[in-house]
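This report describes a single protein chain, shown below.

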Amino acid sequence: ATAFLDQAADIGVDEITRQCGSEVTPIIDSISLVEDNLGMLLGALRSTFELVSCAKLRPIYHQALYGTACSDSSNSLAILFSILLGMGVVGTVMITLRAAM
């Protein structure tokens, strides 16, 4: 788009309009707008890639996997085992004493 706009500026919009036989200013303005929008999109993509770079995500990834999966999950599994063991004992007592009720 930049090369086209540079060539159009070198030739002149009036000359292009005269040779084409119709007004080309809206087309050139639209191409300029597309170039500006693509530049902003490229900048946004670069910022996005910078935000998700390895150096910035590694500490979050490490905390999520190591902190949660290694330390918190072992505590949670111990609590879950205790609850299930208690449910098993209560269930066994209920089955054992069901005839007495």
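## Nonpolar surface patch

The model is predicted: local features need pLDDT of at least 70, side-chain atom pairs count only at pLDDT 80 or more, and totals for chains, interfaces and linings use all residues. Residues are numbered from 1 along each chain as its sequence is written, and side-chain values use heavy atoms, with hydrogens and water left out.

The patch covers about 880 Å² and consists of V34, L38, L41, L45, F49, L51, V52, L57 and I60. Its members have over 30% relative accessible area and no salt bridge, and nonpolar side chains (Val, Leu, Ile, Met, Phe, Trp, Tyr) are joined within 5 Å. Areas come from the Shrake-Rupley method with a 1.4 Å probe, and for residues only the protein chains shown count as cover. Helix 3 provides the largest share of the patch, 6 residues. L57 lies in helix 4.

## Confidence

The average pLDDT, the predictor's confidence in each residue from 0 to 100, is 85 for the protein, and 99% of the residues score at least 70.

## Salt bridge and exposure

The count is 1 salt bridge, defined as a side-chain nitrogen of Lys or Arg within 4 Å of a carboxyl oxygen of Asp or Glu. R18 pairs with E15, with the closest N and O atoms 2.5 Å apart. Both residues are in helix 2 (residues 13–20), 3 residues apart, so about one helical turn separates them.

The table uses these classes: buried is under 20% relative accessible area, exposed is over 50%, and partly exposed is in between (1.4 Å probe, protein chains only).

| Residue | Relative accessible area | Class |
|---|---|---|
| R18 | 59% | exposed |
| L57 | 38% | partly exposed |
| E15 | 27% | partly exposed |
| T17 | 16% | buried |

## Core and contacts

The largest nonpolar core has 5 residues, L5, A8, I16, V24 and I28; such a core is a set of buried Ala, Val, Leu, Ile, Met, Phe, Trp, Tyr and Cys residues joined through side-chain atoms within 4.5 Å. Leaving out residues up to four places away in sequence, A8 touches V13, I16 and I28, where contact means heavy atoms within 4.5 Å. T17 is in helix 2. Apart from neighbours within four places in sequence, T17 contacts S22, E23 and V24.

Terms used
Patch = residues over 30% accessible without salt bridge, like charges linked within 9 Å, V, L, I, M, F, W, Y side chains within 5 Å. Helix = DSSP H or I, 4+ residues; strand = E, 2+ residues; numbered from the N terminus.
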